[in-house]
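Here is a short report for a first look at this structure. Take the whole chain first, then a few single residues.

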Amino acid sequence: MTDAPYRKWVCDACGYIYDEAKGDPDGGLPPGTRYEDMPDDWQCPLCGLRKADLRPLPDAPAAVSDLPGPAESAGSGKHRSRRFRSAEHLIIVGAGVAGWSVAEAARRRDPSLPILLVTACEGAVYAKPSLSTALAHGRAPAELVDASAEERAAELGIEVLTRTRVLKLDPAKRRLITARGGIAYGRLVLALGARQRRLDIDGDAADAVLRVNDLRSYRDLRQRLDGGHRHITLLGAGLIGCELADDLTAAGHRVSIVDPGQRPLAALLPADVAERLRERFDTKGVDWRLGQTLARVDHADGALRATLADGTTIATDLVLSAAGLLPITEPAARAGIAVQRGIVADRRLRTSLPDVYALGDCAEVEGRCFSYIEPIRRQAEAIAADIAGEDAPFLPLPPLVRIKTPSLPISVCNGQIAAGADAAHWQRVSDGADGTRLEHTGTEPAFVLTGSYAQLGTELYRTHFG
């Protein structure tokens, strides 16, 4: 037994936080289980990584003694703008994994750097990948939250302004203009994230289409699903759509999937692997409507009627969109920052505006947007290093993607290879009833692992990319 305080450990691949005080009851670890007492073969409930892949969250010191405490975080905009006029201040816009990761990385390097995180939402700290897997585990929205914004800010010794919308960026005066007043910055980090793609849908119930992209919209989904099993029409057979479909069916709901493509996860998986996933979903009763788009949604007899482009209809209780994400770039573009698909940034995540950085879903590095947690955390480290005067740029490596579909667990790293375009170059290294291992024979390393082989993803990725 030990009287030492309980610690928290983070999985850099997916953002899951293992709190020794809470344990992992679903994984067989009761509350109070210390890291050293966890079995070596324990797996992260979100991505399947092992105990050895967790990293301790630091116990950061307080930032600057003359900054107001957490109780003042709800102060007026004028009060806050007077506090934040120093050219030394690091201002972070956005409280997703990108924003909090920058705060953590910067604080780790400099215990005295004054940091303020500004967010339009409540700023709760949670692992976003858990949104597509929580239903089957019966986890309520509140159970997904690792810490409130105020709690996390206190741990890091930073300040936070929640529910504060940024109206514009004034680069000439080096100020953010918010709904609660102006905030001067020394260095500014844009962690704006991405929004759900809006589809062109007609009908008197078009506004009822739900888009789950954050904790707030997940709460809305849970409220609509409470009280019994439902039929859900999912728009999109990509990563989030497939994860949600598996989660919803495991929770007892019926699912129809509408997608203009001819197979699930067409952008990530070779055709035969995508077909195997489809077969697994077939056994769970998933109704596939591939090669189709949704034309309209109307109210009908207390439920909804979804009409597809070919005129066929689906009687459903809920229409849920998972049709992809678009980087949020408008505030940067209005300030004159270079924007293409995302906010253009170099390997140090510097934008075209001096002392302004961008990372995560909203940023574009060498023509690519990196939307997965592992590269986003490396981007945060690159920003913190640059602020500290270190030479440690972000390496735009192809991400390792762990597809959280228990029906067929999959790990894939395919870089910029068109997954289904060159099937002849995918070599079947291992194949059996418990899974498949495919590797690409081209010049760029790429692999697909399914079933029991999926847990080898990290090891294989490190072999290729160090």
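**The whole chain**

This is a predicted model. The chain has 9 helices and 30 strands. Its radius of gyration is 23 Å, close to the 23 Å that the globule rule gives for 466 residues, so the chain is as compact as a globular protein of that length. Along the principal axes, the C-alpha atoms fill a box of roughly 60 × 55 × 50 Å.

Of the 466 residues, 53% are buried. Contacts between residues 24 or more positions apart make up 61% of those with a separation of 6 or more. The chain exposes about 20300 Å². Carbon and sulfur atoms supply 49% of that area.

Charge comes next. There are 57 positive and 62 negative side chains in the chain. The centres of these two sets lie 6 Å apart.

**The nonpolar cores**

In soluble globular proteins, nonpolar side chains tend to be buried together. Here the largest nonpolar core holds 44 residues. Leu234, Ile257, Leu269, Leu320 and Ile403 touch the most other members. Helix H5, residues 239–250, gives this core its largest share, 5 residues. A second, separate core has 37 residues, among them Leu90, Ile115, Val189 and Ala345.

Neighbours within four places in sequence are left aside here. Among its contacts are Leu234, Gly236, Ala237 and Ala245. Ile257 also touches Phe281, and it meets the run Val286, Asp287, Trp288, Arg289 and Leu290.

| Residue | Relative accessibility | Class |
|---|---|---|
| Thr405 | 1% | buried |
| Arg305 | 35% | partly exposed |
| Gln340 | 59% | exposed |

Thr405 sits in the loop between strand S26 (401–403) and strand S27 (410–413). Why does Thr405 count as buried? Its relative accessibility is 1%, and buried means under 20%. Beyond its neighbours within four places in sequence, Thr405 is in contact with Cys242, Glu243, Asp246, Leu277 and Phe281. Phe281 is also on the contact list of Ile257.

Arg305 belongs to strand S19, residues 303–308. At 35% relative accessibility, Arg305 counts as partly exposed. Which residues does Arg305 touch, not counting those up to four places away in sequence? They are Arg296, Val297, Asp298, Ala300, Thr313 and Ile314. Ala172 is 133 residues from Arg305 in sequence. In space, the two are 52 Å apart, C-alpha to C-alpha.

Gln340 lies in the loop between helix H7 (330–334) and strand S23 (343–345). Its relative accessibility of 59% makes Gln340 exposed. Gln340 and Ala363 are 23 residues apart in sequence. Their C-alpha atoms are 9.4 Å apart in space.

**One more loop position**

Where is Gly261 placed? Gly261 is in the loop between strand S16 (254–259) and helix H6 (271–282). Leaving out residues up to four places away in sequence, Gly261 touches Leu290 and Gly291. Leu290 is in contact with Ile257 as well. Thr463 is 202 residues from Gly261 in sequence. From C-alpha to C-alpha, Gly261 and Thr463 are 33 Å apart.

How values were computed:
Residues are numbered from 1 along each chain as its sequence is written. This is a predicted model: local features need pLDDT of at least 70, side-chain atom pairs count only at pLDDT 80 or more; totals for chains, interfaces and linings use all residues. Side-chain values use heavy atoms; hydrogens and water are left out. Helices (H or I, at least four residues) and strands (E, at least two) are DSSP runs, numbered from the N terminus. The radius of gyration is taken over C-alpha atoms; the globule rule is 2.2 Å times the number of residues to the power 0.38. Buried means under 20% relative accessible area, exposed over 50%, partly exposed in between (1.4 Å probe, protein chains only). Contact means heavy atoms within 4.5 Å. Accessible areas come from the Shrake-Rupley method with a 1.4 Å probe; for residues, only the protein chains shown count as cover. Lys and Arg count as positive and Asp and Glu as negative; His and the chain ends are not counted. The place of a charge is taken as NZ of Lys, CZ of Arg, CG of Asp or CD of Glu. A nonpolar core is a set of buried Ala, Val, Leu, Ile, Met, Phe, Trp, Tyr and Cys residues joined through side-chain atoms within 4.5 Å.
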